[in-house]
Amino acid sequence: MLVKEIDSIKVLESCHMPARMLKITYKLVNTETKLLHRLLQAHGLQEAPTDAKEFNLMWAGLHPKPDVLRSLTPYQRVNHFPRSYELTRKDKLFKNIEKMQYFRGLKHFDFIPTTFLMPGEYKELCTTHYRTKGPWIVKPAASSRGRGIYIVNTPEQIPKGENVVVAKYIDKPLLIGGHKCDLRLYVCVTSIDPLLIYLYEEGLVRFATVKYDKTNKNLWNPCMHLCNYSINKYHTDYIKCDDPNAGNIGHKWTLSALLRHLRKQGRNTAALMAAVEDLVVKSILSSAQTITAAARVFVPSLFNCFELFGYDILIDDMLKPWLLEINLSPSLACESPLDARVKSALLADTLTLVGLPAMPTSKNDASPQTNSLKMRIGACRRVHSAENACVRGKPGAQGGAAALGGLLTGEELRLVRAVRAQYSRRGGFVRIFPSQNSWQKYSQYLDPVSGVPVCSTSLNNNAPYTVVPHNYNLLVHSHVLPHFQHATVATSLTDTPQRLKRYEAVCIAGAAPAVQLCDSPAPQPPRDARRAKDLVKKQLSDGLTLTTGEVRRAFGLYLTHVLKRVSSPSNELAVQHAALVLRFLRRASSSLRMPYNVKGPPAKMCDKDRCAVIAKQLNDFLYMYYRETDLYTDSEDRAGCVANIHFAQFLHSASEADLEDVLLLLLRTQNYVATFLGDGRGGALCVDLPPARRAPHPPRHTLLRHLAALAHVNCRKYRPEVETSSRSEQEETSSADSAPPFVSSELVLKESLKEEKPLNLALKYARS
Ligand code: ADP
């Protein structure tokens with residue numbers, strides 16, 4: 001038995017671990033899911049190279065390409081269904097549900113706020129506004145984490161021509177202690193045909209930091225109206241709870257804690273959770289037709305794909321849940337001990353539920369040791385939270401193969417067994433489709449022949465499925481659920497309050513997180529990294545330079561430090577710095593290729609809120625800035641430039657002061673043109689650094705002050721000059737007159753793209 005370190009956490013490693021013996025491998029693609037990596041490693045799974053074809057699990061941040069799906073073998077699992085963006089894109093989701101409202105009746109699908117897609121539906125928005133009035137919430141069509149979201153009172157306040165989604169703002173939300181909150185719930189779809197939907201019993205509740213003002217006077221305050229952690233964390237009043245067992249402290253709670261709180265107030269939590277389950281099932285039914293069609297074309301085996309969706313749900317003051325959004329790859333980042341506990345349990349349960357079969361071994365390879373191992377694994381599957389005791393308790397509920405054998409084909413029998421086996425591995429998941437009364441409630445949305453969800457009942461709509469030779473949904477309902485045949489009358493939503501109470505009974509206290517996340521203090525940078533820091537500074541002073549991509553990465557990292565400072569409660573200068581940041585953003589926003597409007601907070605805003613709003617804007621800017629920086633692709637080390645590896649090591653260990661030194665040094669040698677800001681839509685920018693104030697060791701935050709006074713190259717106050725320490729100021733000024741003219745912004749960009757160097761490593765360091 002060995003001990004190995006994964007991200008500075010010690011885990012046991014033994015060649016006797018089941019996953020190691022069965023050679024179970026995984027690969028992570030386009031995702032930085034540290035938690036998942038740790039979890040899989042801790043259980044003995046091996047990471048396969050990104051281009052490997054042999055793997056058991058592929059966890060991707062984006063949809064895999066069709067040819068990847070087509071080549072899957074039955075033992076392989078991928079965490080996305082093809083075309084599941086029908087659910088996860090805000091615009092598509094609304095269109096799919098709108099279709100259901102039209103064909104199936106608004107009252108059955110009225111759980112999503114009325115939404116319009118701009119610019120196409122501007123007229124309809126105005127007409128509706130005339131009838132119902134605002135406010136309206138404006139969101140970029142494909143964004144997340146509250147980026148670019150704002151609230152307006154009238155449609156005229158929305159810039160024309162922008163590709164945004166405008167939704168009716170739910171202005172009477174449920175308030176807890178005066179604060180608005182929303183839910184993040186986790187839904188795992190383990191198969192699309194038959195449709196198998198599980199809702200995780202524990203979820204997270206996210207609070208806005210500033211108390212809600214019902215008068216709609218403070219619509220501009222994101223820390224009052226948006227509940228995203230990524231926004232509220234910048235508010236100095238945001239409370240992060242350090243106790244992993246406390247579900248109701250600070251600005252993030254667990255779902256169960258919220259439900260218990262509501263029950264104490266005499267609210268009907270069972271009805272709330274029944275409505276949530278209904279909303280989840282119906283939202284998936286609205287897009288399942290398209291996803292099923294794509295899965296039939298691209299996915300070879302029934303259980304190849306699964307998906308873990310993050311549902312964002314807002315509850316209003318009448319306790320009605322509203323679906324805001326479904327996230328394709330819900331964040332698995334662990335920002336607090338509570339996150340770590342809930343998300344590690346969620347991930348462990350998701351993988352157990354989905355199941356990672358071992359690659360079939362050849363006959364010769366089937367050693368007795370491996371066989372006995374398989375049996376042991378089967379016997380120790382974790383089943384700790386019964387969904388519905390009566391399902392297992394009733395006779396016939398677990399009818400054996402013999403009981404079914406006469407009725408089903410071999411393939412159907414395998415399917416029924418697989419569905420049952422999966423149910424027995426559900427851990428903290430509640431299966432909400434199929435469930436006790438799901439046939440009565442939802443069979444009307446299924447095609448009677450193929451069992452596939454359909455949006456309209458017209459024959460035309462069912463055309464692609466008429467040739468399907470099976471009805472898996474009916475099969476699963478009739479063979480997996482004991483009372484299916486007898487329950488012919490639809491039961492009311494609150495028919496199973498005992499079952500629904502389960503959501504508030506969840507107790508995470510005492511249950512160990514799947515992986516220990518108590519990170520050790522940040523490791524000391526290695527000695528060679530510290531040496532590289534001095535080396536880079538020296539080389540830059542000696543005339544070497546950096547590529548634009550490198551400078552951008554250094555600048556991005558510098559801004560990250562500034563962001564932390566602006567949102568730090570202990571920084572006395574936060575307000576002053578926030579004002580500088582706002583001025584910088586106003587000028588620098590034109591340097592982005594993507595349109596980005598900086599909206600300054602109103603003058604009357606209190607300091608804390610002001611800093612939080614500006615920090616959020618800087619965060620949005622940084623996000624786009626990094627995305628554009630990623631476009632600067634790499635080549636090899638170049639003559640005249642600092643060596644690649646040295647720069648990567650520099651970034652790894654650089655403090656804010658180091659970054660500031662280097663950026664100022666570069667600005668001087670590059671005629672004060674801010675090459676790290678590119679020339680976006682507004683032309684190149686330069687830093688207006690007056691020669692008189694230059695000093696070998698500038699006072700702290702000099703760069704931020706000068707950034708606040710960014711100017712366009714042609715509008716510079718001070719003339720460029722060639723710097724030599726021995727020159728007098730007069731000499732410098734006169735030489736500046738004869739200095740070559742500034743390079744045009746286009747040229748700067750072209751040159752910078754030419755000279756890129758391999759920096760993936762640097763980026764990795766910088767991001768870490
Ligand atoms: P994102 O994907 O960027 O997080 P969301 O749609 O989840 O966007 O919205 C972000 C936040 O905005 C939510 O946390 C919620 O508090 C608020 N919000 C979104 N839509 C509405 C709405 N229609 N009514 C009220 N609040 C909303």
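User: By class, what residues make up the shell around the ligand?
Analyst: Nine nonpolar, five polar and eight charged residues. Keep in mind that this is a predicted model.

User: Which of the 22 residues come nearest?
Analyst: Lys139, Gly146, Asp182, Asn228 and Glu325.

User: How far is the side chain of glutamate 325 from a ligand oxygen atom?
Analyst: An N or O atom of that side chain sits 2.4 Å from an oxygen atom of the ligand. For asparagine 228, a polar side-chain atom is 2.6 Å from a ligand oxygen. Aspartate 312 also has a polar side-chain atom there, 3.1 Å from an oxygen of the ligand.

User: How much of the ligand does the protein bury?
Analyst: 99% of the 540 Å² that the ligand exposes when taken alone.

User: Which elements give two or more residues to the shell?
Analyst: Strands S8 (136-140), S12 (179-191), S16 (307-315) and S17 (321-327).

User: New topic, helix H19. Which residues are buried there?
Analyst: Arg499, Leu500, Arg502, Tyr503 and Glu504, within a helix that covers residues 497-505.

User: And what covers them?
Analyst: The cover includes strands S13 (196-200) and S18 (429-433), plus helices H9 (255-264) and H10 (269-298).

User: Where is arginine 263?
Analyst: In helix H9. Arginine 263 touches Thr269, Lys501 and Glu504, leaving aside residues up to four places away in sequence.

User: What joins the side chains of arginine 263 and glutamate 504?
Analyst: A polar contact of 2.6 Å. The two residues are 241 apart in sequence, yet 9.0 Å apart in space, C-alpha to C-alpha.

How values were computed:
Residues numbered from 1 in each chain as written. Predicted model: local features only at pLDDT ≥ 70, side-chain atom pairs only at ≥ 80, totals over all residues. Heavy atoms only, no water. Buried < 20%, exposed > 50% of the residue type's maximum accessible area, 1.4 Å probe, protein only. Helix = DSSP H or I, 4+ residues; strand = E, 2+ residues; numbered from the N terminus. Contact = heavy atoms within 4.5 Å. Near = heavy atom within 4 Å. Polar contact = N/O pair within 3.5 Å; in protein donor to acceptor, adjacent residues only side chain to side chain. Areas by Shrake-Rupley, 256 points an atom, 1.4 Å probe, with all protein chains shown as cover. Nonpolar A, V, L, I, M, F, W, Y, C, P; charged D, E, K, R; others polar.
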